[in-house]
Amino acid sequence: MSTPVAVVTGASSGIGAATARRLAADGFEVVCAARRRDRVEALAAQIGGRAVVCDVTDQASVDALADAVGGCAVLVNNAGGAVGLDRVEDADPARWQAMYDTNVAGVMRVTKALLPALEASGDGRIVVVGSVAGHEAYVGGAGYNAAKFAAAAMVKVLRLELLGRPLRVTEVAPGMVETEFSLVRFDGDAERAAAVYRGLTPLSADDVADCIAWAVTRPAHVNIDRIDVMPRAQASAAVAHRTG
Ligand code: NAP
């Protein structure tokens, strides 16, 4: 039997990179996709996978990804993130647009482009990396909340639309994970990013990769609809216990 192919978007960092490593260790040939060529090429070389430079907000780039991938059984829609933590009254429309383009339209573009290959595999698995922010509002979160709530909605719609076909759809919705997420959110402000995780043990990217790998390796008749995974020290989107 040939090695099953898994495509991971946003594989250049954080959860995506950890997921690519984990799926490779679990026997998948992994296509590592993201915008930063040096990072995806280095990772693909380490794990015996393939690197494809892809911007999920760009249709031509996503089409080229689908061409490069060929057949695949697993898609992990992980590319995304937050930009800013602004109240609605201070919101920058360009930042909201950017969050929608990556976290929502990006998932649509890549899923649509790879759906024929996923279905042809006979057991296609689609994972969307959502967030606790896709289920709970918090002050300053509106732009990211709106995007991740939309991504969560898309997962539910896909489950309905794809029913009866050999395709499974899963949302993995983490709380705080220590990655480059906060650095990106706060425009490279390392001090502000570090403060997000101060005084508690956040999830690691590997913790989330573990959930994703588990979901996609259940028997074919089992659909894991959603995994909510939080640090022990975090009880909701905005409530955490910190020491020191
Ligand atoms: P990260 O370390 O910043 O990784 C984000 C990844 O997304 C990078 O590989 C980045 O690669 C990629 N990406 C961003 N825009 C892209 C685009 N237009 N096209 C292709 N790739 C793009 O953050 P992370 O925490 O691992 O985030 C992964 C996912 O988890 C995101 O969807 C995020 O919303 C979600 N999440 C994170 C947390 C958290 O606390 N960290 C919690 C819940 C959910 P390039 O820049 O190289 O393109």
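Analyst: A residue counts as buried when its relative accessible area is under 20%, as exposed when that area is over 50%, and as partly exposed in between. The model discussed here is a predicted one.

User: Why is A20 called buried?

Analyst: The relative accessibility of A20 is 0%, and the cut-off for a buried residue is under 20%, so A20 belongs to the buried class. A20 lies in helix α1, and, once residues up to four places away in sequence are set aside, A20 touches V8, V30, C32, L43 and I47. One of these, V30, stands 10 residues from A20 along the chain, with the two C-alpha atoms separated by 6.1 Å.

User: Which other residues of α1 are buried, and what do they pack against?

Analyst: Besides A20, the buried residues of α1 are I15, G16, A17, A18, T19, L23 and A24. The buried residues of this helix pack against the strands β1 (5-9), β2 (29-34) and β4, and against the helices α2 (37-47) and α8. After α1 comes G27, which has a positive phi, near 105 degrees.

User: Which residues of α8 are buried, and which elements do they pack against?

Analyst: The buried residues of α8 are A205, V208, A209, C211, I212, A213, A215 and V216. They pack against α1 (14-25) and against the strands β4 (74-77), β5 (124-129), β6 (167-174) and β7 (226-229).

User: What makes L200 a buried residue?

Analyst: The relative accessible area of L200 is 11%, which falls under the 20% cut-off, and L200 is therefore called buried. L200 sits in the loop between α7 (190-196) and α8, where, not counting residues up to four places away in sequence, L200 touches M176, A233, A240, H241 and R242. P116, by contrast, is 43 Å from L200, C-alpha to C-alpha, at a sequence separation of 84 residues.

User: Why is T102 called partly exposed?

Analyst: T102 has a relative accessible area of 22%; the buried class ends under 20% and the exposed class begins over 50%, so T102 is placed in between, as partly exposed. T102 is found in helix α4, residues 93-120, and, apart from residues up to four places away in sequence, T102 touches V56, T57, A79, G80 and V107. The C-alpha atoms of T102 and G80 are separated by 5.2 Å, although the two residues are 22 apart along the chain.

User: Why does D187 count as exposed, and what is its phi?

Analyst: At 56% relative accessibility, D187 passes the cut-off of over 50% and therefore counts as exposed. D187 is found in the loop between α6 (181-185) and α7. Its phi is near 50 degrees, a positive value in a residue other than glycine. Most residues other than glycine have a negative phi.

User: What radius of gyration does the chain have, and how does that value compare with a compact globule?

Analyst: For 244 residues, the globule rule gives a radius of gyration near 18 Å, and the chain has 17 Å, so the chain agrees with the value for a compact globule. Its C-alpha atoms fill a box of roughly 55 × 35 × 35 Å along the principal axes. The secondary structure comes to eight helices and nine strands, and 49% of the residues are buried. Of the contacts between residues at least 6 apart in sequence, 67% join residues at least 24 apart.

Notes:
Residues are numbered from 1 along each chain as its sequence is written. This is a predicted model: local features need pLDDT of at least 70, side-chain atom pairs count only at pLDDT 80 or more; totals for chains, interfaces and linings use all residues. Side-chain values use heavy atoms; hydrogens and water are left out. Helices (H or I, at least four residues) and strands (E, at least two) are DSSP runs, numbered from the N terminus. The radius of gyration is taken over C-alpha atoms; the globule rule is 2.2 Å times the number of residues to the power 0.38. Buried means under 20% relative accessible area, exposed over 50%, partly exposed in between (1.4 Å probe, protein chains only). Contact means heavy atoms within 4.5 Å.
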